[in-house]
Amino acid sequence: MNDREPIGVIGAGWVGLVTAACFSELGHDVYVRDILQEKIDSLSRGEVPIYEPGLSEMLGRNSERLHYTLEMADLLPNAELLFCCVDTPPSYSGDADLSRVNRVVEEVGGSTDHALVMKSTVPVGTGRSIRRTANGAIGYVSNPEFLKEGSAVNDFMNPDRVVVGFEDSDDGFGERVAALYEPLDAPIVHTDVASAEMIKLASNAFLATKISFINEIANVSEELGANVDEVARGMGLDARIGPQFLRAGLGYGGSCFPKDVSALKQLAGNTGYHFQLLTSVIEVNELQKRRAIGKLQKHLGSLVGKEIALLGVAFKPNTDDIREATSLVLAGRLQSEGAHVRVYDPIASGRAGSLLGGARVAESALDAIDGADAVVLVTEWPEFRELDWEGDVKQKLRSPLVVDGRNFLDRELLTRAGYTYEGVGR
Ligand code: UDX
């Protein structure tokens, strides 16, 4: 034990492990609890069950401060601040499924010595209802995460801001949580619980809105002869707009944006408010995922019997996460149009399995391209830019048609090499 505040982490998933690693790096003893024996066993052996750059090294070098357990009873005597990092997937109704969070609340039970610190993304109002159920018997702090896959460790250690939501009656737990983040030298937003919950959902919904907006500008630019990359560059230099999240493409995916945008729309709907803007953001994103099909048809006519190569399966590069990935929608649509689909991803295709329908999982990008009538670039993995487009790729393709769904490839080089090149809004 050291003199820093020991903390508990409940749920050793992606958020929980990044939280545990970073607090241990900051010098805290961290007690990590998960219900899966297998996970606890491998973590105790020093094996990290997920891939996130820098995570395994950080957990390794702080192993003396990290304690893994299956039992809540091991956490409670050792730590008073308990970070809840269990997942809150969407349920059939569109609302977040809070069953795991509720189980945690039950297991922690009534203890005025402890506070539940909510990292999981929950609907606005969850904190209030947990506090009401617990009848003041446990502290509650909202401390949402804003981590991106692929840079989560860095995002945790260098946050734009830290949000800590608590009520005046909370016995100082909020201040104790805020104090944990002081070494990070980031602005700390002290606010009430409901506002903290809303900051998380509103931030993701706003970023998704930015993406759907630039995608619509791209679609109109195609008709009007403007280049969306230039437009985004010019817009992004306005400090009020900012350059990030203005990359046009085949829509956003992943485990957060689709889920959080729908959750906010649904929450508004539950109060009787129709969130018109988010309804459109979702619709634009769904249509955007399919736009590559129209571009293929423009050049190939009917897709029946055509061989189409999809490069990239993951929802973004540097991850093997395929949740809500555009590739899955495209593979399905192309096959229902009668095309034969082959896919390649440096690490994610193995995970997709049956979600890709009958698509053939290729061994390499060139294997996917061999004999294809067109290539669709779905995920901007750096290695796809490095392919020998002028040589190997061109020789293997049946016709030199490239639909670049992320404006990632060298358009001039491809055009010079004799390709028909279709980008997004270029
Ligand atoms: C996101 C948020 O950024 C993070 O704050 C939150 O905690 C979880 O959700 P993540 O899902 O890891 O993180 O991915 P991110 O890098 O934000 O990208 C999300 C999606 O938007 C990807 O599909 C990406 O391809 C797409 N995107 C992003 C665009 O289409 N254009 C852009 O300009 C930026």
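1. A residue counts as buried under 20% relative accessible area, as exposed over 50%, and as partly exposed in between. The structure discussed here is a predicted model. Asn 318 has a relative accessible area of 44%, so it is partly exposed. Asn 318 sits in the loop between β9 and α13 (326-336). Its backbone deserves a look: Asn 318 has a positive phi of about 65°, although it is not a glycine.

2. Most residues other than glycine have a negative phi. Glu 324 counts as partly exposed because its relative accessibility is 44%.

3. The domain assignment of the chain gives domain 1 (7-191) and domain 2 (289-422). The centres of domain 1 and domain 2, taken over C-alpha atoms, are 39 Å apart. Contact between the two involves 4 residues of domain 1 and 6 residues of domain 2.

4. Why is the ligand said to lie between domain 1 and domain 2? Both domain 1 and domain 2 give residues to the shell around the ligand, so the ligand lies between them. Among the 18 residues around the ligand, those that come nearest are Glu 149, Arg 247, Gly 253, Cys 256 and Lys 316. Helix α9 (residues 193-224) supplies the largest share of the shell, with 3 residues. By type, the shell residues divide into 9 nonpolar, 2 polar and 7 charged.

5. A polar backbone atom of Arg 247 is 2.8 Å from an oxygen atom of the ligand. In the side chain of Lys 200, an N or O atom is 3.2 Å from an oxygen atom of the ligand. For Phe 146, a backbone N or O atom lies 3.4 Å from an oxygen atom of the ligand. On its own the ligand has 670 Å² of accessible area, and the protein covers 94% of that area.

6. Is Asn 62 buried or exposed? Asn 62 has 5% relative accessibility, so it counts as buried. Asn 62 is found in the loop between α3 (55-61) and β3 (66-69). Its side chain makes a polar contact with the side chain of Glu 25, at 2.8 Å. Apart from neighbours within four places in sequence, Asn 62 is in contact with Ala 21, Ser 24 and Glu 25.

7. Leu 264 belongs to helix α11 (residues 257-270). Leu 264 counts as buried because its relative accessibility is 6%. Leaving aside neighbours within four places in sequence, the residues in contact with Leu 264 are Met 198, Leu 201, Ala 202, Ala 205, Phe 275 and Leu 278. Leu 264 and Pro 123 are 141 residues apart along the chain, yet their C-alpha atoms are separated by 7.6 Å.

8. Which residues of helix α17 (residues 389-396) are buried? They are Trp 389, Gly 391 and Val 393. These buried residues of α17 pack against the strands β9 (307-311), β12 (374-377) and β13 (401-404). They also pack against the helices α15 (365-369), α16 (382-385) and α18 (411-416).

Note on methods:
Residues numbered from 1 in each chain as written. Predicted model: local features only at pLDDT ≥ 70, side-chain atom pairs only at ≥ 80, totals over all residues. Heavy atoms only, no water. Near = heavy atom within 4 Å. Polar contact = N/O pair within 3.5 Å; in protein donor to acceptor, adjacent residues only side chain to side chain. Areas by Shrake-Rupley, 256 points an atom, 1.4 Å probe, with all protein chains shown as cover. Helix = DSSP H or I, 4+ residues; strand = E, 2+ residues; numbered from the N terminus. Nonpolar A, V, L, I, M, F, W, Y, C, P; charged D, E, K, R; others polar. Domains from an automatic or database assignment. Buried < 20%, exposed > 50% of the residue type's maximum accessible area, 1.4 Å probe, protein only. Contact = heavy atoms within 4.5 Å.
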